[in-house]
Amino acid sequence: MPHPLLLYDGVCGLCNRFVQFILRRDRNAIFRFASLQSSLAARILARHGANPTDLDTVYVAVNYDLPDEYILARSDAVGFVLNQLGGPWRLAAFLLQLLPRFLRDLVYNAIARHRYRIFGRSDTCTLPRDQDHARFLDS
């Protein structure tokens, strides 16, 4: 499988913490990253009929730039990430998937609506550390 590409709100404190969470646990450097504010994210989302200005959603583009590319959104994207990280995170992904999607996404959407107020917001996208720079496709 090619590297899955996580599309996240680059100015969101929660989203940036999620990216840092992944970077610390992704021992095989599986994931690549791009902010939703990037032209790369806009192109990918447009191919799938998703709104590139909707910053309330985290996406994972699987098989990025291949004919069988598809995207996962919201709790499906989070579950995919946890599953790929393996170990105890795979169990967390399994438990998450036991809940119906509408319930998972209901909670996801409630958090997304209030994420700036709870987790903060920066004026610009957070820059990656030097050792992670190559994994960010829009920086």
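Modeller: In this predicted model, strand 1 (residues 5-8) sends Leu-5 and Leu-7 to one side and Leu-6 and Tyr-8 to the other, and all are buried. In a regular strand, side chains alternate between the two faces of the sheet. Strand 1 pairs with strand 2 in the parallel sense, over 4 bridges. Within this pairing, Leu-6 stands opposite Phe-33 of strand 2. Strand 2 (residues 32-35) is likewise covered on both faces, with Arg-32 and Ala-34 buried on one side and Phe-33 and Ser-35 buried on the other.

The loop between strand 1 and helix 1 (13-25) holds Asp-9. Asp-9 forms a salt bridge with Arg-115, and their closest N and O atoms are 2.8 Å apart. This pair links distant parts of the chain, since Arg-115 belongs to helix 5 and the two residues are 106 residues apart. Both Asp-9 and Arg-115 are buried. Asp-9 and Arg-115 also belong to a network of salt bridges that includes Asp-56.

With buried meaning under 20% relative accessible area, Arg-135 counts as buried because its value is 9%. Asp-26 is buried as well, because its relative accessible area is 6%.

A further salt bridge joins the side chains of Arg-47 and Glu-69, at 2.8 Å from N to O. Arg-47 is in helix 2 (residues 39-47) and Glu-69 in the loop between strand 3 and strand 4 (70-73), 22 residues apart. Here the two partners are placed as follows: Arg-47 counts as partly exposed at 45% relative accessibility, whereas Glu-69 counts as buried at 11%. In total, the count of salt bridges comes to 7.

As to confidence, the protein chain has a mean pLDDT of 88, and 91% of its residues reach 70 or more. Confidence is lowest in helix 5 (residues 101-119), at a mean of 85, and highest in strand 3 (residues 59-62), at 97. Arg-115, the partner of Asp-9, is in helix 5.

How values were computed. Residues are numbered from 1 along each chain as its sequence is written. This is a predicted model: local features need pLDDT of at least 70, side-chain atom pairs count only at pLDDT 80 or more; totals for chains, interfaces and linings use all residues. Side-chain values use heavy atoms; hydrogens and water are left out. pLDDT is the predictor's confidence in each residue, from 0 to 100. Buried means under 20% relative accessible area, exposed over 50%, partly exposed in between (1.4 Å probe, protein chains only). Two strands pair if DSSP finds at least two bridges between them. A salt bridge is a side-chain nitrogen of Lys or Arg within 4 Å of a carboxyl oxygen of Asp or Glu.
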